[in-house]
Amino acid sequence: MMKRFLCGVMATALVVASVGVASTDADAATKVPKAKYTFNMNKKSKKVVAVARKGENSNYAVDTKKKGYEGGSLPKAKNAKKVKLKYKKGKKGKALYLDRKSSYGAQLKGVKLGSKSWTVSFWVKPDNSVTDYMAMFFTGSDITNVKKSKWVSITKASWLDGGHTPTIWSHNASLDKANDDQHFPWFSYQNDAGEWMGAKNDAKAMAINKGKWTYVTLVVDTKDTCEYGTAGEKGYVKSYHAWCYVNGALYGNGTVAKKSMSNKNLFFLGINAWDTPFKGYFDEVQLWNKALTAKQVKKLYKSKK
């Protein structure tokens, strides 16, 4: 599934709107609204549960060539009955620690953000280097259904020289067309001139690094539109506009797949349905059913430092 998409990615397919500028009125209030969901990770909670997958290979990745796993393998609590989530020293108080002594991640239970604008923020500190497609934050519905799968992932990719993380990657399989014309928009780091960059050309592209705490915020505004690719060409997507912030500062903006958020979505930390799980820490995970403004994101970060 992942490799098929890579064959269709072109560097010229990165067309976005309003580079470096969030869609917010100049006089918008900077007061940060109360999050709809907060997971402070200070202790064990019934709302944060260990999950694992079946059908994995020796690298802890799902073998999609196996019969029954063509669409991946959904992480489930019943597959992680022997796993006890750990809580260690975090950015503030304690943090969730995924040690990857076995293959598992965590699910955030009871989250319903609806189908409109939304925001997620969290502290993350990897124990190892983040590898391509490894999910830090992952949400979706019908995730393993090859014809209906919809999801958003905060991950790492190497589509630009030297790699870039965080990368915001999303999919809506129901909108895929024939001849590999797939609905897979993604975006990552942009420099001050609005140019897409990998770490080989700008070290800032690799913003999440081993052993360091980083505050990541993703804002998806369903009232604003953005284009990925070129109209009339394969892979073209016109959909929701999204912004990614690192430590309160704009990192990049681009397109997120349509209908990738609904009350059917499941929410995971450190794991998706296909790739090697993440090893490291998560702290102060918060979600809103609205799009925070750039000023609110900056103020939020300052309050979390």
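Helices (H or I, at least four residues) and strands (E, at least two) are DSSP runs, numbered from the N terminus. The structure is a predicted model, in which local features need pLDDT of at least 70 and side-chain atom pairs count only at pLDDT 80 or more, while totals for chains, interfaces and linings use all residues. Residues are numbered from 1 along each chain as its sequence is written, and side-chain values use heavy atoms, with hydrogens and water left out.

The protein has a mean pLDDT (the predictor's confidence in each residue, from 0 to 100) of 91, and 91% of its residues reach 70 or more. Over residues 1-24 pLDDT stays under 50. Where pLDDT is low, the predicted coordinates should not be read in detail.

Strand β6, spanning residues 118-126, contains Thr119. Thr119 has a relative accessible area of 0% and is buried (under 20% relative accessible area, exposed being over 50% and partly exposed in between, with a 1.4 Å probe and protein chains only). The Thr119 side chain reaches the backbone nitrogen of Leu292 at 3.1 Å. Beyond four places in sequence, the residues in contact (heavy atoms within 4.5 Å) with Thr119 include Thr217, Leu218, Gln286, Leu287 and Trp288.

A nonpolar core is a set of buried Ala, Val, Leu, Ile, Met, Phe, Trp, Tyr and Cys residues joined through side-chain atoms within 4.5 Å. The largest such core has 69 residues, and Leu108, Leu218 and Leu287 have the most contacts inside it. Strand β12 (residues 237-246) gives the most to this core, with 5 residues. Another core, of 15 residues, lies apart from it and includes Tyr97, Tyr281, Leu300 and Tyr301.

Key: A polar contact is a pair of N or O atoms within 3.5 Å; within protein, one must be able to donate a hydrogen and the other to accept it, and residues adjacent in sequence count only if both atoms are side-chain atoms.
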